[in-house]
Amino acid sequence: MRQKSTRARPDTARAAPLLVCGVIAGPLFVVVFLITGATRAGYDPLRHPVSSLALGDLGWTQVATFVVAGALTVAFAVGLRRALRPFGGSTWGPVLVGVWGAGLIGAGVFVTDPISGYPQGTPGRLTQYGSAHAALHDVVSLLAFVALVAACFVFARRFAGWGSPLWAAYSAVTGIVFTGAFVLAGMGFEQTEGLVDVAGLFQRISITAGWCWLSLLALRLLRGQEIGDRAGGDGAGFPERYPPPRGKPPKGKTAESSGHGAP
């Protein structure tokens, strides 16, 4: 008689503290830029980018937020790799999440140029970079955004293969929303007519969508729940452990007890 296969749970014992970092990073980042953006003189959250909050006398608060959130995300990427290792095929996702985290640290270290009239008295867009720091800021930020989008689609494919259609769809939709809002924000920061005054809003939609996805992914792993049964589960989980090589029953089982023997 065949035995029912057991579902594997993510190995969260050692990874749990690192996964907690993934839960915290997003809300921390979002809450800080919402508060500072609403209280900074001359700053318009609908128009100006989050990175502009690193400018001025109180800019250190956003610099610190970039660095701390980035470090937490890198730690989460390590925990993500550990938690998903039993299921195989999970290398690129954690690596891309780690690149997103490293890019945030870089965005904090390399401060941006003024843009869209902030700080007050500066032009809408400089004709050339005002410093090497600003150029590096744009480079590391672009790499970070691209990495997070790629991570969304990598995990969408993985979740589809693991039989988790809801998480596959959610990951793909996040990647699409993130990309679309990011492109519109970039056009606004380039002073494209009709988008200048809402560029900051589009950037916040992009960033918030990405952070929500990462935090929920971390929370899902922490909960360690099983994959939803295709016959009636919730469709959001993780796969069974890979079976033993064909023809080789699991350790401690004979061919008959594993269901591969004679009928």
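**Helix packing**

Mentor: Helix α1 passes α2 in a left-handed crossing; a crossing is called left-handed if the near helix is turned anticlockwise from the far one by less than a right angle, and right-handed if clockwise. Helices here are DSSP runs of H or I of at least four residues, strands are E runs of at least two, and both are numbered from the N terminus. The model is a predicted one, in which local features need pLDDT of at least 70 and side-chain atom pairs count only at pLDDT 80 or more, while totals for chains, interfaces and linings use all residues. Residues are numbered from 1 along each chain as its sequence is written, and side-chain values use heavy atoms, with hydrogens and water left out.

The axes of α1 (residues 16-39) and α2 (residues 60-84) come within 7 Å and cross at roughly 155 degrees. Axes are lines fitted to C-alpha atoms, for helices over the stretch in contact, and angles run from 0 to 180 degrees between N-to-C directions. The pair α1 and α2 is therefore roughly antiparallel, in a scheme where angles under 35 degrees count as roughly parallel, over 145 as roughly antiparallel, 65 to 115 as roughly perpendicular and the rest as oblique. The contact of α1 with α2 has 18 nonpolar, 7 polar and 1 charged residues; Ala, Val, Leu, Ile, Met, Phe, Trp, Tyr, Cys and Pro count as nonpolar, Asp, Glu, Lys and Arg as charged, and the others, Gly among them, as polar.

Phe145, Leu148, Ala151, Cys152, Phe155 and Phe159 in α4 meet Ser206, Ile207, Gly210, Trp213, Leu214 and Leu217 in α6, contact meaning heavy atoms within 4.5 Å. The contact of α4 with α6 has 10 nonpolar, 2 polar and no charged residues.

The loop between α3 (92-109) and α4 (132-161) holds Pro119, which a cis peptide bond joins to Tyr118, with omega about -5 degrees. Ser116 is found in the loop between α3 and α4 as well; its phi is near 55 degrees, a positive value in a residue other than glycine.

As to confidence, the mean pLDDT of the chain is 83, and 79% of its residues reach 70 or more; pLDDT is the predictor's confidence in each residue, from 0 to 100. Over residues 1-8 pLDDT stays under 50, and the model has 14 contacts beyond four places in sequence for them. Over residues 240-263 pLDDT likewise stays under 50, with 25 such contacts. Where pLDDT is low, the predicted coordinates should not be read in detail.
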